[in-house]
Amino acid sequence: MGGDGVKDRRLRWLLGSSALSNLGDGIGKVAFPLLAASITRDPILIAGLSATAFLPWLLFATVSGALVDRVDRRRAMLIANLSRAVIVGGLGLLVLADATTIWLLYVMALLLGAVETVADNAAQALVPAVVPRDQLESANGKLQSVEIVGQTFLGGPLGSLTFAVFAAMPFLLNSAGFAIAAVLLIGINGRFRPVVTGPTQSLRVQLGEGVRWLRGNALMVRLAVFAATMALATELAQALLVLYALQDIHLSEATFGVFALVGGAGGIIGAFTAPRLTRALSRRTVLVGSIVCCGLAFTAMSVSKDPVTASLLFGGFAAAVVVVNVILGSLRHALVPDHLFGRVLGVWRTAVWGAIPVGALLGGLLATWLGTRAVFAISGVLQLALAAAVWFALAGHRGEVDSMSTAGTP
């Protein structure tokens, strides 16, 4: 009982830190494209900014994952959040000085993304250390909730409204969020460096160990491939969301945050619903059904002309994609050994988050040729096709998915 109480307190501190850092992220994720759109309306350059933000996951995720398996994970998170506070605070000062260009935004997005690979890998690796195994799905749902509340429900409107006041304000708020998030991590007592037996291996050897483990687990390989495909398909359209909102359904810069607010509300519903759905139905059924809902939402958005309808559809997409994320995150935490978690997560995110910039750039090119609405339609159809593929490919892994256990995994 006492041990569970300690873990509960640790989870609360982690949730508090995550809430504030995600609030900073949410403000920045709206403010960055709005600032970019004030400089240029070129869809390729706008999509390219989104791609640049995720490019570090393709370049550094595996190295960051190996680093997280070698150091105290709480300390890595703390240093990463402080670094993000400095970077985005510096950008705010440059905006105040009217010294920004689209290429400067690219550089800042790349720097923030590089540090984020360490912060997010460390945060994910901390989860199994602060909650019992039978509460993983609930903990992942809570983490998804604070992410959505911070990034979309609060961060989106704050980002757009403060940008409308003066352009530097959201970046300065973003910086403060990261700084306070770092301070809150001090409340998580204990040591969080993975236990390693034997001599310390070289970074290359450790990376190889993580890759070999993942390659040898057929279920995890399939889930990673599906997650990467889903990321690419959704980012085709999501990278253009600001242009869709401003040009296709004619929202103002200030009301763009309200559009994101509806998505956040949907995401909260998805986060709280996911554990209940997996208790009532098989995880395979919930996973595939959620991907279908994502595809239908984007397909409908491609023909919607009413801002309210489009916003509600985006809310439905957000709810469904969060259910997908909760299930995939819980399976990772349950199936991957703790001492390998950072490296396996690094490889996973290299594939999955590395697909995001590819999707963003491809979406920008397609929008240039076909228009934004056509890209939403293409994204929706691809997600529906993916749902069918997931259903058949996981048919032989139903027991593993529902028990969250494989041979040799307790």
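User: What is the accessible surface of the protein, and what share of it belongs to carbon and sulfur atoms?

Analyst: This is a predicted model, in which local features need pLDDT of at least 70 and side-chain atom pairs count only at pLDDT 80 or more, while totals for chains, interfaces and linings use all residues. Residues are numbered from 1 along each chain as its sequence is written, and side-chain values use heavy atoms, with hydrogens and water left out. By the Shrake-Rupley method with a 1.4 Å probe, the accessible surface comes to about 16300 Å², and the share of carbon and sulfur atoms is 68%.

User: Which radius of gyration does the protein have, and why does it agree with a compact globule?

Analyst: The radius is taken over C-alpha atoms, and the globule rule is 2.2 Å times the number of residues to the power 0.38. Because a compact globule of 410 residues would have a value near 22 Å, there is agreement with the protein's own radius of gyration, 20 Å.

User: Is leucine 15 buried or exposed?

Analyst: Buried means under 20% relative accessible area and exposed over 50%, with partly exposed in between (1.4 Å probe, protein chains only). Leucine 15 is found in helix H1, residues 2-39, where helices are DSSP runs of H or I with at least four residues, numbered from the N terminus. Its relative accessibility is 14%, so leucine 15 counts as buried.

User: Which residues is leucine 15 in contact with, leaving aside its neighbours within four places in sequence?

Analyst: Contact means heavy atoms within 4.5 Å. Leucine 15 and lysine 142 are 127 residues apart in sequence, yet their C-alpha atoms are 7.7 Å apart in space. With neighbours within four places set aside, the contacts of leucine 15 are Lys142, Leu143 and Val146.

Methods: Helix = DSSP H or I, 4+ residues; strand = E, 2+ residues; numbered from the N terminus.
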